[in-house]
Amino acid sequence: MRKLLDIGLKQVDKILKEMSETTIECLNAVEDLWKGKINSLEEKSSKLRLLREELLDIGTELLIRYQPMASDLRYIQASIDVSYDLYRISRYSMEIERTLKITGLDCEFERARETLKIVKSMVGMAIDAFMYKNEILVGEVIKMDNDVDKIYMESLERLNQETTKCTAVEALIIRHLERMSDHARNIGSEAAYVKSGKRI
Amino acid sequence: MNAVETKNLHVYYGNNHVIKDVSLEIPEKRVFALMGPSGCGKSTFLRTLNRIIELREEAKVEGEVRIYGKNIYSKDVDPIEIRKNVGMVFQEPNPFPHLTIYDNVALGVKLNKLVSSKEELDKRVEWALKKASLWDEVKDRLGDYPSNLSGGQRQRLVIARALAMKPRIILMDEPTANIDPVGTARVEELLFELKKDYTIILVTHSPHQAARVSDYVGFLYLGELIETGPTKKVFENPEHELTEKYVTGVLG
């Protein structure tokens, strides 16, 4: 019985890895947007949706067939949640792309670019934290999420001072990045849950 | 309030140390499942709780077992009285084959003179069969013999027999091990009903059954109590590595 469950868990692992790689590709594609290069983020996000559905199917089947417990149960629960977080990050990437396409603005978006760098690093760390059950990385991710929250608040406050189209759109982009950062934090929390059984 | 408490309980069969220093508290009106691999001492532990362990000559018990605060191994305690309060259901559905369904339930009540008239006995039998969720299936054939019942029905008949004595605690030693999935589901559903009025202590080698039916669970391994706690906690996030290995199927 144990062996059959392990086969399923490996499948979950494989899908999560593929989802993680695609999510990082999405973030790279957002970075390319500043260089004027429009990518097929919608396609990538659709791929993530399909992978998430596949993972959900396998996870449900494993729960039904083997009624896993303890760390196995926590891993399946957490993987399902993480797959949702990764998918959402891709959706927010797509939203940024759409925002830039529609507004067609030629602004610097310096703060957004800096925030994206932080978010990219956070997502990578959160994924590593989950894959390798590394609680130290979780702590880092949480700290960085607090920084991103602060940046977002500042971008809103800036709207009181100067309401140009650029500042408004930048605030909107940072808002999407802040949501990504929250999802990265969730992934970190799931890593801690799998490792210790405790919810952060 | 705790229905059962054991303190530093040890059991020996001759030189074989079977239960090792088990201290445990079982709250009343809950299902407590004791799980562990075959041969870990689960059934032996259960048999200490109503002193039927003493039917084995070579068995020696040390430590305390308290039922509602009273140490049942005190010299002034009559084991027969204990067994009236602590009923037991075994792995093999074992109704008396030569007695009718009615008489199987009525026998213990009659022998212990728990009722004073035939009407009272009839009422007790009906009550016990209803409590065991068997009445609707047998009310028109109380004169039949248990051989006409399915395995699951026979096990519920045995539960009715135990309930008829109006115990406060029911011990169940792998009660579904020899019945089919439908019968198993009926017995498990019954546990949910019974725990409103009784404390149930169930021994099972199946972690999944323990997870389904119990409020609290204990894990016994090689005669030692490794871990005990609320069922959700133990199955989601066990404290001890051995428990983790047992419930994930790695142990052994």
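## Contacts of A:Arg199

Two residues are in contact when heavy atoms of theirs lie within 4.5 Å. The structure discussed here is a predicted model. Leaving aside residues up to four places away in sequence, A:Arg199 touches A:Gln77, A:Glu190 and A:Tyr193.

A:Arg199 sits in the segment that follows helix α6 (165-196) of chain A. The residue has a relative accessible area of 52%. The cut-off for an exposed residue is over 50%, and A:Arg199 therefore counts as exposed. A:Arg199 and A:Ser189 are 10 residues apart along the chain, and their C-alpha atoms are separated by 6.8 Å.

## Helix pairs in chain A

Helix α2 (residues 41-66) and helix α3 (residues 70-103) of chain A have axes that come within 9 Å and cross at roughly 165 degrees. Because of this angle, α2(A) is roughly antiparallel to α3(A); the cut-off for that term is over 145 degrees. The residues of this contact divide into 13 nonpolar, six polar and five charged. The crossing in which α2(A) passes α3(A) is left-handed.

A second pair is helix α5 (residues 135-161) of chain A with α6(A), whose axes come within 9 Å and cross at roughly 160 degrees. These two helices are therefore roughly antiparallel to each other. In the contact of α5(A) with α6(A), 14 residues are nonpolar, seven are polar and eight are charged. The crossing of α5(A) and α6(A) is left-handed.

## Strands in chain B

Strands in a sheet pair through backbone hydrogen bonds, and the pairing is either parallel or antiparallel. In chain B, four strands form an open sheet in the order β2-β1-β4-β5, with antiparallel pairing. The edge strands are β2 (16-27) and β5 (70-71) of chain B, and each of them pairs on one side only. Strand β1 (residues 2-13) of chain B runs antiparallel to β2(B), and eight bridges join the two. Within β2(B), B:Pro27 stands opposite B:Asn2.

Strand β9 (residues 216-221) of chain B pairs with strand β3 (residues 31-35) of chain B in the parallel sense, over four bridges. The bridge partner of B:Ala33 in β9(B) is B:Val217. β9(B) also pairs with strand β10 (residues 224-230) of chain B, here in the antiparallel sense and over six bridges. B:Gly218 stands opposite B:Thr228 in β10(B).

## Residues with positive phi

Most residues other than glycine have a negative phi. Which residue takes a positive phi in the hairpin of β9(B) and β10(B)? B:Leu222 does, with a value near 50 degrees, and the hairpin has two residues between its strands.

A:Gln67, also not a glycine, has a positive phi near 40 degrees. The residue lies in the loop between α2 and α3 of chain A, the helices whose axes cross at roughly 165 degrees. A:Gln67 has a relative accessibility of 35% and so counts as partly exposed.

B:Glu174 is not a glycine and has a positive phi of about 45 degrees. Its place is the loop between β7 (169-173) and α7 (181-194) of chain B. Is B:Glu174 buried or exposed? B:Glu174 is buried, because its relative accessible area is 11% and the cut-off for buried is under 20%.

Conventions
Residues are numbered from 1 along each chain as its sequence is written. Chains are lettered from A and ligands numbered from 1 in the order in which they are written. This is a predicted model: local features need pLDDT of at least 70, side-chain atom pairs count only at pLDDT 80 or more; totals for chains, interfaces and linings use all residues. Side-chain values use heavy atoms; hydrogens and water are left out. Axes are lines fitted to C-alpha atoms, for helices over the stretch in contact, and angles run from 0 to 180 degrees between N-to-C directions. Angles under 35 degrees count as roughly parallel, over 145 as roughly antiparallel, 65 to 115 as roughly perpendicular and the rest as oblique. A crossing is left-handed if the near helix is turned anticlockwise from the far one by less than a right angle, and right-handed if clockwise. Ala, Val, Leu, Ile, Met, Phe, Trp, Tyr, Cys and Pro count as nonpolar, Asp, Glu, Lys and Arg as charged, and the others, Gly among them, as polar. Two strands pair if DSSP finds at least two bridges between them. Buried means under 20% relative accessible area, exposed over 50%, partly exposed in between (1.4 Å probe, protein chains only).
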